[in-house]
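Biologist: I would like to learn how to read a protein model. Can we go feature by feature?

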Amino acid sequence: LRPIPAPSRGEFGWTLQSDREPLPPGPLASLLGQVGIHWAKLPVWFDPSEAQQAEQIASFAGQVSLQNVQLVGVLDQPPAELRKLFREQGRLPVASVFIEPELWQPALSPVLTRLSHKIRWWQLGQDDDTSYVSFPQLDRKIAEIKKALGQFGQEIHLGLNWRLPYDPPRVAAPPWSYLSYGSDPALTGE
């Protein structure tokens, strides 16, 4: 197909499961620049002992930036080696992961130290995690998390998942920059 110029800004993007699938990082970054999206969500919580994975994520962030695609770092499940700190073995709702700052801050510190200068947009939880819907004092909790994340570098933009048909939170000055809407079952034309 003949390449066409992409618009300089847009609200659409893809959610990736890893920086290695379905293509290696270089070709994937190139593809993202050609499909007309401006956002790509990627899980970025790596094990601190995996220096190679940290470098691959940082490199991928730079590559997609050159393609005019903004990378959103998804903070979801702690790596396997860190799971014992959270006293749970199964999948954790993201609201549970970020309850105790004395657990998650040291566990997330290597990720933020390595990536905060490459990634400015962050999301708490995968797109299907709606554990913050109906969370008590949501604005205070998210402000606390944002403040902790912001200690590692540039100004950050923090986002949450939200489930339709629930109304978005009514807050005068929300600490989050965006809500990522989803529904289960998926919405139809009607």
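Biologist: Let's start with R91. Is R91 buried or exposed?

Modeller: Buried means under 20% relative accessible area, exposed means over 50%, and partly exposed lies in between (1.4 Å probe, protein chains only). R91 has 52% relative accessibility, so it counts as exposed. Keep the source in mind: this is a predicted model, where local features need pLDDT of at least 70, side-chain atom pairs count only at pLDDT 80 or more, and totals for chains, interfaces and linings use all residues. Residues are numbered from 1 along each chain as its sequence is written, and side-chain values use heavy atoms, leaving out hydrogens and water.

Biologist: Which side chain meets R91 in a salt bridge?

Modeller: General idea first. Side chains of opposite charge can pair when their charged atoms come close. The cut-off here is a side-chain nitrogen of Lys or Arg within 4 Å of a carboxyl oxygen of Asp or Glu. R91 meets D128, at 4.0 Å from N to O. This pair links distant parts of the chain, 37 residues apart: D128 sits in the loop between β4 and α6, and R91 in the loop between α3 (80-83) and α4 (94-97). Helices (H or I, at least four residues) and strands (E, at least two) are DSSP runs, numbered from the N terminus. D128 is exposed too, with a relative accessible area of 55%.

Biologist: How many salt bridges are there by this rule?

Modeller: Five. One of them joins D127 and K41, 2.8 Å from N to O. D127 lies in the loop between β4 (121-124) and α6 (138-149), and K41 in strand β2 (residues 39-43), so this pair ties together parts 86 residues apart in sequence. K41 counts as buried at 13% relative accessibility, while D127 counts as partly exposed at 28%.

Biologist: What about K141 and E144? How far apart are their closest N and O atoms?

Modeller: They are 2.9 Å apart, in a salt bridge. Both residues are in helix α6; they are three residues apart, so about one helical turn separates them. Salt bridges can also share partners, and such bridges join D76, R91 and D128 into one network.

Biologist: Now the inside. Which residues have the most contacts within the largest nonpolar core?

Modeller: A nonpolar core is a set of buried Ala, Val, Leu, Ile, Met, Phe, Trp, Tyr and Cys residues joined through side-chain atoms within 4.5 Å. The largest one has 50 residues, and F98, L124 and Y132 have the most contacts inside it. Helix α5 (residues 101-115) gives the most to this core: seven residues.

Biologist: How many aromatic pairs does a search of the whole structure find?

Modeller: Five. Rings of Phe, Tyr and Trp (its six-membered ring) pair if their centres lie within 6.5 Å; planes under 30 degrees apart are stacked, over 60 edge-to-face, and the rest tilted. W121 and Y178 have ring centres 6.0 Å apart and planes at 45 degrees, so this pair is tilted. W121 is in strand β4 and Y178 in strand β6 (residues 178-182), so the pair ties together parts 57 residues apart in sequence. Another pair, Y132 and F135, is edge-to-face, at 5.3 Å between centres and 65 degrees between planes. Both Y132 and F135 are buried. Ring pairs also link W39, W121 and Y178 into a cluster.
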